[in-house]
Amino acid sequence: MPMLKIFVGTVYGGALDVAEQVKPLFEEAGYQVAIYDQPTLDDLSGSPTDLALFCTSTTGSGDYPGSLVPLTNALDETSPSLTELRYGLIAMGDSSYGDTFCGAGRNLDELLAGLGAQRLGERLEIDAMETFMADDAALPWVEEWIETQQLKVA
């Protein structure tokens, strides 16, 4: 059974809630799913990752949440080749912050691409000003992502 790893960056638990809500969709599609709410580089590269989903909120002025900082710092410092990594990304933010809206997700996307990872489909950006419950946007996006990217294995 292929492994899907969900890497979460959260402050108040919203991104973790989204990860937990979408997990069953991937299980139904035939994946073994692991959620990492304090992800490290070893979680990403220490064991096989057939598919990854990054789900992160944004803090401050477009900054990564503290739970994601160890992973992003390690990626920055070691620059591992991620050419085998296929991923999706759910970015959460608040458009009232202007230019830094979904900054953590956008920066993470750029970081992963710079290391050779292949994003499948478009990044989902969830605006807290428009969507009170982030999973209301994430669940249909994941269903469509699984379908359009032909990720179903079961």
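Which residues does Ser57 touch, not counting residues up to four places away in sequence? Select Ser57 and display its contacts, a contact being heavy atoms within 4.5 Å. The residues touched are Gly9, Thr10, Val11, Ala15, Asp63, Pro65, Met92 and Ala104. Ser57 itself is placed in the loop between strand S3 and helix H3 (69-78). Helices (H or I, at least four residues) and strands (E, at least two) are DSSP runs, numbered from the N terminus. With a relative accessible area of 13%, Ser57 is buried; buried means under 20% relative accessible area, exposed over 50%, and partly exposed in between, with a 1.4 Å probe and protein chains only.

Two notes on the basis of these values follow. The model is predicted, so local features need pLDDT of at least 70 and side-chain atom pairs count only at pLDDT 80 or more, while totals for chains, interfaces and linings use all residues. Residues are numbered from 1 along each chain as its sequence is written, and side-chain values use heavy atoms, with hydrogens and water left out.

**Helix H1**

Next, select residues 14-28, which form helix H1. The expected span of a helix is 1.5 Å times one less than its number of residues. Where does H1 kink? Centre on Val22: a kink of about 30° lies there, shortly before the proline Pro24. The bend at a residue is the angle between axes fitted to the seven residues ending there and the seven starting there. Just after H1, Gly30 takes a positive phi of about 105°.

Now colour the buried residues of H1, which are Ala15, Leu16, Val18, Ala19, Val22, Leu25 and Phe26. Their cover includes strands S1 (3-9), S2 (32-36), S3 (51-56) and S4 (86-93), together with helix H5 (135-148).

A salt bridge is a side-chain nitrogen of Lys or Arg within 4 Å of a carboxyl oxygen of Asp or Glu. An α-helix has 3.6 residues a turn, so residues three or four places apart point the same way. Both partners are partly exposed: Glu27 has a relative accessible area of 40%, and Lys23 has one of 27%.

**The nonpolar cores**

Select Phe26 and Ile90, the residues with the most contacts inside the largest nonpolar core, which has 28 residues. Such a core is a set of buried Ala, Val, Leu, Ile, Met, Phe, Trp, Tyr and Cys residues joined through side-chain atoms within 4.5 Å. Elements giving two or more residues to this core are S1, H1, S3, S4, S6 and H5; the largest share, seven residues, comes from H1. Around Phe26, show Leu4, Tyr31, Val33, Leu53, Val142, Trp145 and Ile146, which Phe26 touches when residues up to four places away in sequence are not counted. A second, separate core of 24 residues includes Tyr36, Leu41, Tyr87 and Cys102.

**The salt-bridge network**

A search of the whole structure finds six salt bridges. Select Arg106, Asp109, Arg119, Glu122, Arg123 and Glu125, which are linked in a network of salt bridges. Arg106 pairs with Glu125, the closest N and O atoms being 2.8 Å apart. This pair links distant parts of the chain, with Arg106 in helix H4 (residues 103-114) and Glu125 in strand S6 (residues 124-127), 19 residues apart.

Arg123 and Asp109 meet at 2.7 Å, N to O. Arg123 lies in the loop between strand S5 (118-119) and S6 and Asp109 in helix H4, so the pair ties together parts that are 14 residues apart in sequence. Is Asp109 buried or exposed? Asp109 is buried, at 4% relative accessible area, whereas Arg123 is partly exposed, at 26%.

**The cysteines**

Finally, select Cys55 and Cys102. The structure holds zero disulfides, a disulfide being a pair of cysteine sulfur atoms within 2.5 Å. The sulfur of Cys55 is 11 Å from the closest cysteine sulfur, in Cys102, which is too far for a bond. Cys55 is buried, with a relative accessible area of 1%, and Cys102 is buried, with one of 0%.
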